[in-house]
Amino acid sequence: MRMPPESRSESRPLCLCAALTLLAAAGCNGSFPTRDRATAGAQLSQPSASSLVLSDYLLLLQRLVQGSASEQAEIVSRAQNEYDSAPTPSRELRLALILATPGHPATDQPRAQRLLRELMAHPETLLPAERALTFLELSQIDDHLTLVAENRRLQTDAVREDQARMAAATRRLQAEVDENTRLRKELDEARAKLDAIANIERSLNERKPGNTTPHP
């Protein structure tokens, strides 16, 4: 499930795999009604209802992954509008799954995480298969966002360490420059003193009696 996709049409989020597994366990019969249709008939058993509901989620996410940009935008907009008009648990789960799915501009895993946590706070409002799907998807998002946060922290620490090393190197370089400047100043002062002493010695030598040239 973690192998990278070869093309956009072949990409599948983890929730699709989870839904497919749960769908097989529930005994898919090949039809794809909505949750409302699945629960409308009293003759449907709970496993059949779960199978039908998961079929809807599976097909929706498949359309989202494989659809064009306009189709993806339409799916996201419809799910958001339906949730805004009546935020039922099934619509909240549908929107969360869409937002959690990568590969489209509306992907928003932090928001999907919040929606899924709201659903897990009231698990009795979901079908058993929906609870399992919500739990699996939330676990995946928690792990992913934890890794993202850890990676961001490591990058920040690395940048901070690089900046600290550069600052230390700059301080050392400036200290060396200051030391060289001080030594150069002391050398110049020493040369000036030596030149002054040499001038004094020259002047004294010129004034010695033996060095005085007699007038004719």
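Helices (H or I, at least four residues) and strands (E, at least two) are DSSP runs, numbered from the N terminus.

**View 1. The whole chain of the predicted model.** The chain holds seven helices and zero strands, and its elements run α-α-α-α-α-α-α from the N terminus on. Of the 216 residues in the chain, 28% are buried (under 20% relative accessible area, with exposed meaning over 50% and partly exposed in between; 1.4 Å probe, protein chains only). Among the contacts (heavy atoms within 4.5 Å) with a separation of 6 or more, 61% join residues 24 or more positions apart. Residues are numbered from 1 along each chain as its sequence is written, and side-chain values use heavy atoms, with hydrogens and water left out. This is a predicted model, in which local features need pLDDT of at least 70 and side-chain atom pairs count only at pLDDT 80 or more, while totals for chains, interfaces and linings use all residues.

**View 2. The packing of helices H5 and H6.** Helix H5 (residues 89-100) packs against helix H6 (residues 109-120) at an angle of about 150°, and their axes lie 8 Å apart (axes are lines fitted to C-alpha atoms, for helices over the stretch in contact, and angles run from 0 to 180 degrees between N-to-C directions). H5 and H6 are therefore roughly antiparallel (over 145 degrees; under 35 is roughly parallel, 65 to 115 roughly perpendicular and the rest oblique). The residues in contact include Leu95 and Leu99 of H5 and Arg111 and Leu115 of H6. By class, this contact has ten nonpolar, one polar and three charged residues (Ala, Val, Leu, Ile, Met, Phe, Trp, Tyr, Cys and Pro count as nonpolar, Asp, Glu, Lys and Arg as charged, and the others, Gly among them, as polar).

**View 3. The surroundings of Gln80.** Gln80 is found in helix H4 (residues 69-85) and is buried, with a relative accessible area of 18%. Leaving aside neighbours within four places in sequence, Gln80 is in contact with Leu95 and Arg111. The side chains of Gln80 and Arg111 make a polar contact (2.8 Å) (a pair of N or O atoms within 3.5 Å; within protein, one must be able to donate a hydrogen and the other to accept it, and residues adjacent in sequence count only if both atoms are side-chain atoms).

**View 4. The crossing of helices H6 and H7.** The axes of H6 and helix H7 (residues 128-207) come within 9 Å and cross at roughly 140°; the two helices are therefore oblique to each other. Among the residues that meet are Leu116 and Met120 in H6 and Phe135 and Leu138 in H7. This contact divides into nine nonpolar, four polar and four charged residues.
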